[in-house]
Amino acid sequence: MMEIIFATSNANKLREVRSLLPDDIMVLSLKEINFKDEIEETKSTIEGNSLLKAKTIFDIYKKPVLAEDTGLEVFALNGEPGVRTARYSGDGANAEKNMNLLLKNLKDESDRSAQFKTVATFISANGGIHTFEGIIRGVITSDKMGEGGFGYDPIFKPAGFSKVFADMADQQKNIISHRGIAITKFIRFLKEEMTEG
Ligand code: IMP
């Protein structure tokens with residue numbers, strides 16, 4: 001059994017990552033290790049913020065840490081909201097306000113292509129840093145749909161699918177999503193490490 005701290009306070013990310021990882025990897029959330037501070041995302045890239053979260057926790061606990069940062073990049077908006085995805089609508093930002101602003105900014109825009117990008121960072125017990133990226137392309141719909149998921153899921157329809165993420169079961173989203181891809185790469189890495197060492 002391997003214990004990993006997942007440096008997130010987002011219950012949705014925790015649920016998705018837990019359901020992806022095999023049973024012999026035990027994931028502890030920040031809540032479970034009693035870490036209550038907010039880790040401020042002060043870096044200018046998704047990679048930078050992912051590393052920042054992992055390092056902040058590793059430096060305190062000196063245990064294997066997984067962190068991830070995710071951004072939504074909209075092509076017609078030159079990659080915005082990108083690193084600002086969580087706080088797109090400014091002070092008091094939440095999923096509804098963020099989606100409303102994005103739909104407004106894309107009003108009358110014919111190119112609605114976008115991608116979700118996740119960068120996962122793993123710091124192993126000996127301090128080695130490893131990163132895993134997951135990207136999924138899709139389009140921003142013109143209206144919100146579906147009841148599931150979180151964040152921008154009601155307005156993101158992955159390429160090749162007729163449903164938005166919010167209309168998919170967790171399991172189906174996990175197979176194809178940015179986070180699913182990044183975490184699957186991480187699992188493959190861990191398996192290789194275990195068979196080598
Ligand atoms: P962060 O990675 O915690 O900074 O989150 C970035 C932003 O992206 C937040 O507004 C999340 O709600 C949103 N987000 C992260 N992952 C997903 C996802 O899988 N679907 C929809 N929105 C997401």
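The crossing of helices α1 and α5 is right-handed, the near helix being turned clockwise from the far one by less than a right angle. This is a predicted model, in which local features need pLDDT of at least 70, side-chain atom pairs count only at pLDDT 80 or more, and totals for chains, interfaces and linings use all residues. Residues are numbered from 1 along each chain as its sequence is written, and side-chain values use heavy atoms, with hydrogens and water left out.

The axes of α1 (residues 11-20) and α5 (residues 178-196) come within 10 Å and cross at roughly 45 degrees; axes are lines fitted to C-alpha atoms, for helices over the stretch in contact, and angles run from 0 to 180 degrees between N-to-C directions. Helices are DSSP runs (H or I, at least four residues), as are strands (E, at least two), numbered from the N terminus. The contact (heavy atoms within 4.5 Å) involves K13, E16, V17 and L20 of α1 with R179, G180, I183, T184 and I187 of α5.

A cis peptide bond, with omega about -5 degrees, links E80 to P81, and P81 lies in strand β4 (residues 81-82). In the loop between α2 (46-61) and β3, K62 has a positive phi near 55 degrees, although this residue is not glycine.
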